[in-house]
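Colleague: Could you take me through the aromatic contacts of this model, with the criteria behind each term?

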Amino acid sequence: MEPTTHDRDRAARLDRFATATAALEAALHGVTDDELDRRPPSGEWTAREIVHHLADSESMAYIRLRRLIAEDDPQIAGYDEPEWARRLHYDRPVAASIAVVRAVRTASLELLRSLTPDEWARTGSHSESGAYSVDRWLAIYADHSHEHADQIARARRGED
């Protein structure tokens with residue numbers, strides 16, 4: 001049977017999800033502390049803050065995915081990202097946060113690749129965006145780290 005457009009889209013998102021850690025590590029290759037802490041002219045997050053955000057976001061994503069699969073109609077809560085950045089000391093070293101991103105993304109990719117069609121169809125509700133499915137989760141997180149890797153590269157150069 002020929003793959004559907006939906007199947008091809010999902011496969012492309014899985015491929016993109018799989019390359020996100022490499023994109024992050026490439027964006028950070030050879031980074032100095034000065035580059036990690038260079039704030040863009042807009043006042044947006046530094047590269048260091050982005051790395052910690054990614055670790056927190058990936059950890060949250062890890063739990064969200066598992067709740068969607070393991071629970072019936074879970075309620076997925078949003079969180080205040082700027083407040084987390086303020087309260088969780090985003091000025092600390094980044095090595096552990098990079099390791100968190102790598103580990104949780106690898107574990108989630110393994111899980112995603114093992115899902116049955118019924119598991120892909122599972123849904124819940126997100127407190128900020130409403131209906132939330134496994135496919136919607138993948139659509140968000142397939143690009144999230146790539147977008148932030150690009151942001152890190154710009155922040156290292158002092159650009160927005």
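Predicted model: local features only at pLDDT ≥ 70, side-chain atom pairs only at ≥ 80, totals over all residues.

Modeller: Residues are numbered from 1 along each chain as its sequence is written, and side-chain values use heavy atoms, with hydrogens and water left out.

Colleague: What is the geometry of the pair formed by Trp45 and Tyr90?

Modeller: Rings of Phe, Tyr and Trp (its six-membered ring) pair if their centres lie within 6.5 Å, and planes under 30 degrees apart count as stacked, over 60 as edge-to-face and the rest as tilted. The centres of Trp45 and Tyr90 are 6.2 Å apart with the planes at 75°, so the pair is edge-to-face.

Colleague: Is Tyr90 buried or exposed?

Modeller: Buried means under 20% relative accessible area, exposed over 50% and partly exposed in between, with a 1.4 Å probe and protein chains only. Tyr90 has a relative accessible area of 5%, and is therefore buried.

Colleague: Which residues do ring pairs link into a cluster?

Modeller: Trp137 and Tyr141 form a tilted pair, 5.0 Å centre to centre with 45° between the planes. Ring pairs link these two with one further residue, giving a cluster of Trp137, Tyr141 and Phe17.

Colleague: Over the face of which residue does Arg105 lie?

Modeller: A charge sits over a ring if NZ of Lys or CZ of Arg is within 6 Å of the ring centre and within 35 degrees of the ring normal. Arg105 lies at 3.9 Å from the ring centre, over the face of Phe17.
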